[in-house]
Amino acid sequence: MDQSGEQTRAEYYGLIRGQIEHHDQLVNQRITWLIITQAFFFGAYATLLNAQKEAKNPLFEAEQLLLIWLVPIAALLAGALTYVSIISSLRSIEHLRTLYEGYSRAKATEDASSKLYPPIQGPPRLLQLAKLAPIWMPIVFMAAWLIVLARLMMA
């Protein structure tokens, strides 16, 4: 802290950078969860499709038909929820970056404590490329499940 009790630019950089790293880790965890859950759903769906024509019990036949519909719906909802949480984290990161940039511009002339620090989150072009997988991967999975559901409706 400086003499007025206010954070230095370098301290603020560290604080914001830490929060950005936290949200970035959340995005990574959510992508991992998405891949794991979608692998489970695709595996379960493939197992249902390869089940014997005649079930051992009539109750199982009804359950199998129900699961043929429920698995894609659950997978689609899981993808949508993951997408919303990823977008939320990416927007939080964007907000934190904007806060730091505004603070940094305001303090640039009077506080050079973080002058040589790298940009808070890297070059803008690379930042846009880094967002491609977190934004589009859930959409790809949701589109696949929508196709499955559409084909079920047409059958």
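A helix here is a DSSP run of H or I, at least four residues long, and helices are numbered from the N terminus. Keep that in mind. One more thing: this is a predicted model.

Let's start with a loop. Lys-131 sits in the loop between helix 3, residues 124-130, and helix 4. Is Lys-131 buried or exposed? Its relative accessibility is 13%. Buried means under 20%, so Lys-131 counts as buried. What does Lys-131 touch, beyond residues up to four places away in sequence? Leu-90 and Glu-94.

Now the helix pair. Take helix 1, residues 9-49, and helix 4, residues 132-154. Their axes come within 10 Å and cross at roughly 20°. Angles under 35 degrees count as roughly parallel, so helix 1 is roughly parallel to helix 4. The crossing is left-handed.

Who meets whom? On the helix 1 side, look for Val-27, Ile-31, Phe-41 and Tyr-45, among others. On the helix 4 side, the residues include Met-137, Phe-141, Trp-145 and Leu-152. By class, this contact has 16 nonpolar residues, 1 polar and no charged ones.

Next, the cores. The largest nonpolar core has 13 residues. Phe-41, Tyr-45, Val-71, Trp-145 and Leu-152 have the most contacts inside it. Helix 1, helix 2 (58-107) and helix 4 each supply at least two residues of this core.

Pick out Leu-152. Set aside its neighbours within four places in sequence, and Leu-152 is in contact with Tyr-45, Ile-68, Trp-69 and Pro-72.

There is also a second, separate core, with 9 residues. Ile-20, Ile-93, Leu-96 and Ile-120 are among them.

Technical notes
Residues numbered from 1 in each chain as written. Predicted model: local features only at pLDDT ≥ 70, side-chain atom pairs only at ≥ 80, totals over all residues. Heavy atoms only, no water. Axes fitted to C-alpha atoms, helices over the stretch in contact; angles between N-to-C directions. Parallel < 35°, antiparallel > 145°, perpendicular 65-115°, else oblique. Left-handed = near helix turned anticlockwise from the far one by under 90°. Contact = heavy atoms within 4.5 Å. Nonpolar A, V, L, I, M, F, W, Y, C, P; charged D, E, K, R; others polar. Core = buried A, V, L, I, M, F, W, Y, C linked by side-chain atoms within 4.5 Å. Buried < 20%, exposed > 50% of the residue type's maximum accessible area, 1.4 Å probe, protein only.
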